[in-house]
There are 2 protein chains.
Amino acid sequence: MMLLGRGLDARDNQTRQMQDAVSNVEKHFGELCQIFAGYVRKTARLRDKADLLVNEIYAYAATETPNLKVGLKNFADEFSRLQDYRQAEVQLEAKVVEPLKSYGTIVKLKRDDLKATLTAKNREAKQLSQLEKTRQRNPSDLHIIAENELQRATLDATRTTRHLEETIDNFEKQKIRDIKNIFSEFITIEMLFHGKALEIYTAAYQNIQNIDENEDLEVFRSSLYPPDYQSRLDIVRANSKSPLQRTGSLKSPLKTAQVRKKIHTKSL
Amino acid sequence: MMLLGRGLDARDNQTRQMQDAVSNVEKHFGELCQIFAGYVRKTARLRDKADLLVNEIYAYAATETPNLKVGLKNFADEFSRLQDYRQAEVQLEAKVVEPLKSYGTIVKLKRDDLKATLTAKNREAKQLSQLEKTRQRNPSDLHIIAENELQRATLDATRTTRHLEETIDNFEKQKIRDIKNIFSEFITIEMLFHGKALEIYTAAYQNIQNIDENEDLEVFRSSLYPPDYQSRLDIVRANSKSPLQRTGSLKSPLKTAQVRKKIHTKSL
């Protein structure tokens, strides 16, 4: 009979450990859930800023010389495409935050199992103390009845404990699998984004590098100095006997002629 | 003389265009500067969340079975390393935000140049109208004096205009170069981060995959069912004539024996 008493102690200890395990998961999965949710929110804020940047680059590009216009527009197109992939990071919500959140319900169910086991164990303990009392009074019939009742209570407690052992074992098994899945999903989703980012930025880099500075500069100059004004200015300069007219102008006559030709071609 | 008059009109137009170009840069570089600064801030917020995540994963890992502990700790190490690279994105501040901000000063200087040119042009226009009046009154000596003064004013205006043309030309040239540099720096810094992210997540993925579920499950079980309790429970079960004792337990005796051996080896 001492064996049964010590068995109860050990099982109490076991139940406490299970309770601790469940509480620990409740605490840390809750924390992880909140922080991952925050991470997703901050990612969304970053995307919002990136969207603003896209719109502003479009707005600025529209006011610029042809090469800068096209280069910036192409960059904004690519950068916008990248934000679509950042948008796809809301998958983190479904694949990371939700599974963690679901542990709220799972933990509640395990607590119910733990409670049922505790109830059965209390019944067993009550029967045991009943038996001790009966044995002290020592009428052998009652002793046997009480011993039978204790055995029934022990069986019941053992059955519930078995169920608890199984359910906690499954809980632990599932928990490790879920943690592995959740973190693997997180990494996969992040990697997909970073991979796309590398690919897109590579294209975007070319868009920026391809901006032809000199061609745009000629367009800018030709918009400032229309050909007829230019020729009139030359007459004025020729009339004035100043050395100014011979100092090198910032634009060579050749370049000006080229630009003029371009404009004429366009207006035809 | 009609030529000079029409030249003034054209140059007015030219100055207006220059003013527009400068104002446009002031507006859009200002907007871009603000949005990029916001982008850097949001990146910092995301990093803060990631740092919280690192700490929470360490805290959770410390409470877990050996394989999960090591796997999560290694993941947190890698994820933390990635945040160091995100930290390096503050380079965006120096390489993107600051150059855009510096255009506040550049634009101010160009405005000064534009103002100087306008002053010289106004003086020229005043001399021109002076000449018109003198010509109407028609005393030839005064006419010549006024014409000389006009010529001097025209030269002065031409000189300032030349300086303006040069300074605006440089401004435009520098602007295109800066835009190309700023966006190239942005892309380079981002690519460095995304590349590192891919590299780090690849290692982190292995850390998670390597978590041995079964080994951890055995450790968990052996912590719940210490060997001496297990043997006592077997005696109790043997005493009870219930079919329960023969239903398959969730852990096979072999596994229990293995775990027991492990524990004994450790305690030696």
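A salt bridge is a side-chain nitrogen of Lys or Arg within 4 Å of a carboxyl oxygen of Asp or Glu. The exercises below apply this and other terms to a predicted model, in which local features need pLDDT of at least 70, side-chain atom pairs count only at pLDDT 80 or more, and totals for chains, interfaces and linings use all residues. Residues are numbered from 1 along each chain as its sequence is written, chains are lettered from A and ligands numbered from 1 in the order in which they are written, and side-chain values use heavy atoms, with hydrogens and water left out.

**Exercise 1. Describe the salt bridge between R81(B) and E78(B).**

Step 1. The side chains of R81(B) and E78(B) meet at 3.2 Å, N to O.

Step 2. Both residues belong to helix α2 of chain B and stand three residues apart, about one turn of the helix. Helices (H or I, at least four residues) and strands (E, at least two) are DSSP runs, numbered from the N terminus.

Step 3. Buried means under 20% relative accessible area, exposed over 50%, and partly exposed in between (1.4 Å probe, protein chains only). R81(B), with a relative accessible area of 33%, is partly exposed, whereas E78(B), at 16%, counts as buried.

**Exercise 2. Determine what the salt bridge between D169(B) and R221(A) joins.**

Step 1. The N to O distance between these side chains is 2.6 Å.

Step 2. D169(B) lies in helix α5 (residues 140-209) of chain B and R221(A) in helix α6 (residues 213-224) of chain A, so the pair joins two chains.

Step 3. D169(B) is buried, with a relative accessible area of 3%; R221(A) is buried too, at 6%.

Step 4. Between chain A and chain B the count is eight salt bridges. Another salt bridge links E64(B) and K175(A), at 2.4 Å, N to O.

**Exercise 3. State how chain A and chain B are related and how they meet.**

Step 1. Copies are superposed by least squares on the C-alpha atoms of residues with pLDDT of at least 70 in both. A rotation of 180° with 0.0 Å of shift along its axis places chain A on chain B, with an RMSD of 0.1 Å. That is the relation of a two-fold axis.

Step 2. In chain A, the residue that comes closest to the rotation axis is H194(A), at 2.5 Å (C-alpha).

Step 3. With contact taken as heavy atoms within 4.5 Å, 98 residues of chain A are in contact with 97 residues of chain B. Of the interface residues of chain A, 99% are also interface residues in chain B, so the copies meet through the same surface.

Step 4. Buried area is the accessible area (1.4 Å probe) that two parts lose on being put together, summed over both. The two chains bury about 9,300 Å² between them, 70% of it on carbon and sulfur atoms.

**Exercise 4. Classify the aromatic pair of F183(A) and F75(B).**

Step 1. Rings of Phe, Tyr and Trp (its six-membered ring) pair if their centres lie within 6.5 Å; planes under 30 degrees apart count as stacked, over 60 as edge-to-face and the rest as tilted. The whole structure holds 26 aromatic pairs over all chains.

Step 2. F183(A) and F75(B) are 5.0 Å apart, centre to centre, with 75° between the planes, and form an edge-to-face pair.

Step 3. The pair crosses between chains, from helix α5 of chain A to helix α2 (residues 66-87) of chain B. Both F183(A) and F75(B) are buried.
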